[in-house]
Amino acid sequence: MHGRPRKSATPVDENASALKAAKIRSLQSQFLLNHHNNIYTKEALEINAKLIESNPEFMTAWNYRKLAFEHNLSNQSEADSDHIKSIIDEELRVVENALRKNFKSYGAWHHRKWVISKGNSSTERELRLLNLFQKQDTRNFHAWNYRRFIAGLKNISDEKELQFTTDMINDNFSNYSAWHNRSVLLSHLLEKKVVGYFPKEIFLKEEYEFVRNAVFTDPDDQSGWFYHLWLLDQTVKVDMPNLVSSWPPHGSEITKTTFPIVLFFNEPVEGVNLQTVSVQVEDDIFKNIAWSPLSSNKFKCGQAWLTHLTIPLGETHSSKIFQVKISSEYSQGIISSNGVPCSQHWSIAFRVSVCHDFQLEGQSLRGVLMTDENFSTVDINSNVMDLFKSYFELASDYEQPTSSKWKSEMIASEIDQYRELLSWAECKIGKLTLARLLMANDAIGTPVAPNTTHVEEVLKLYSELMELDPTHYQYYKDEYSLVFLKQVTSSKESLMKYCGQYKESTSSNITGPMCLRLNFLSLSQIGSFERLLWVQSLDLSHNQLHSIEGLEALQLLSCLNLSHNKVGSFMALDPLRFLKSLRVLNISYNELGAHTVDTRRYLCSSPLSHTLDYDKKFEEFATGDEKVLNFWEAYSVFGGLDIMQLDVVGNAAADERFILFLVKLLPGLKWLDGEELH
């Protein structure tokens, strides 16, 4: 454990272990017999106590004691307080013996908490006992959790407990649990708006100085650094959720009569509905609008919210421009996952140009290609750029909030301090902290548009960290990729360098006239989706992507190239389910099917552990075809899409059975692995 090599057992050790195992088996047999027969006598409890002392992690034995405890208390009258106290004291004694055996026993700590919560116990005694325990093991998180429980029962003030953490940290600053408890207590004080701790800038400066003493004393000790990360999060955290981007963008003009509306917030929110957001076309308020979160979490929150709008054409045969307005009618009904309401009113206005002489989109007679020779430089004076320009020039109308001066000053001061530290100490976590501080400084420096002042320095820091700390290479690589994409999407000028215009008009009928080409960039993660909502065609080929999480926000996406990446499972492609406009998809030369089990999602691959909507129809789809049963994950991803062109070659899963499955699943498929289907 914790890097210590395991020693080979000697014959003496093996003999002792065998005797111990035989003893436990004997006690366990007697205990289970008593448990099954609901026997709660003194003798039965003594057997149970011996078993727990031998194996404190036997949860069934603790549950038995709870049943016995309630049974024995129910047989006592309230007047017999001495006997009740003796029953409680016996339970606490058994817990203490178990903790002497294993101070980190979950079962023992949970049982003690359960007994104390029944009342008739001295919380003062518990606090004294805790002080003794925490002297023996100052960092034991079970004891710290229990301390918070006892402090709550005794109504000990958060300020007093905060002083206790100060004393413990001054005694030994390498105390992860004390730092963590400090963050918990300060969060409570902030939430309750206690004088001296609210607003938060009052105490943050002192806390930065306090933790600096620890990290400068021993830069290689990580306990203080983790607390510093919490302080930074408190510093840059926005006070409320806000709308940061949308499609269509404010002030734009679009030509489709049916289109998606996407609202992108700075954090996951709930409560986006008809009561909180109104959709108005000319003078009519639409009441048949249904909003839904894209890739919502278990709290039914989402950072991106989607609805679809159809402009009523009527019987007129002339061209017409409709004015559309999306606004927050009751913004406080939009609430973050932390329960903070959005109090900032916002409004988005755009035009929809309708012409009855328009032609329907044609279907390409040839497959869509995304090689260099199929693109030309984008003409910045063409109509292609109009919507693109409006997205960047007018997005600032609702980007909030305005930065606070104290935040900028505090982070700037921290940057100076850690530049000084790195001038004399080669410290990996110091470099990581400096990178985070620099990005935080850029994020709050200019609220109107992304600031990239320190991006090059941050990219250099992450490059150095990838060499210095190969154990955490993937984390640094992911962070590097996200920072790089912030730089790319910071302005229309920087983004234009990665855009290409299709030469073939047949391609643009399906993909749109322009493609964002982020290929051959060694990206391991993608982000900055709030600035990519306009993208219809996206080339992410020849990167190192394992996942496309967040891509579901790009509702206009009709063409996606993910070839030559490291996608290892169909569930890593789950965001594709939400992209109903997708017509061209290239997932060739990935690692689909190379990994038997996707351990990042669940322990075993089974339809029983999956809850996607399309699974309900899978059994009907697979009836009479046993070969299809192995492709339930692919079915859940592709089953609701209308894909016209698909490339899957170069994946372990792309055998003949899978090809036949795809042809059956996707009736609109015209091109498969570069060949036209007949």
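Strand β6 (residues 292-293) is joined to β7 by 2 bridges, and the two strands run antiparallel; strands here are DSSP runs of E with at least two residues, helices are runs of H or I with at least four, and both are numbered from the N terminus. Two strands are taken to pair if DSSP finds at least two bridges between them. In this pairing, Ser292 stands opposite Leu306 in β7. Strand β7 (residues 302-310) is also joined to strand β3 (residues 258-270), by 8 bridges in an antiparallel arrangement. There, Val269 stands opposite Gly302 in β7.

The model is predicted, with local features requiring pLDDT of at least 70, side-chain atom pairs counted only at pLDDT 80 or more, and totals for chains, interfaces and linings using all residues. Residues are numbered from 1 along each chain as its sequence is written, and side-chain values use heavy atoms, with hydrogens and water left out.

The secondary structure of the chain comprises 21 helices and 19 strands. Of its 678 residues, 49% are buried, where buried means under 20% relative accessible area, exposed over 50%, and partly exposed in between (1.4 Å probe, protein chains only). Among contacts (heavy atoms within 4.5 Å) in the chain with a separation of 6 or more, 67% are accounted for by residues 24 or more positions apart.

A further group of strands forms an open sheet of 5 strands with mixed pairing, in the order β2-β10-β8-β4-β5. Its edge strands, β2 (253-254) and β5 (284-285), each pair on one side only. Strand β4 (residues 277-281) runs antiparallel to β5, and 2 bridges join them. Val281 stands opposite Asp284 in β5.

Helix α1 (residues 11-36) has 26 residues and spans 37 Å from its first C-alpha to its last, close to the 38 Å expected at 1.5 Å a residue; the expected span is 1.5 Å times one less than the number of residues. Its buried residues are Ile24, Leu27, Phe31, Asn34 and His35, and their cover includes α2 (42-54) and α3 (59-74). Asn38, which follows α1, has a positive phi, near 55°.

Helix α5 (residues 106-116) packs against helix α7 (residues 141-153) at an angle of about 5°, with the axes 11 Å apart. The two helices α5 and α7 are therefore roughly parallel, a term applied to angles under 35 degrees. Axes are lines fitted to C-alpha atoms, for helices over the stretch in contact, and angles run from 0 to 180 degrees between N-to-C directions. Residues making the contact include Trp109 and Ile116 of α5 and Tyr146 and Phe149 of α7.

Note on methods
Parallel < 35°, antiparallel > 145°, perpendicular 65-115°, else oblique.
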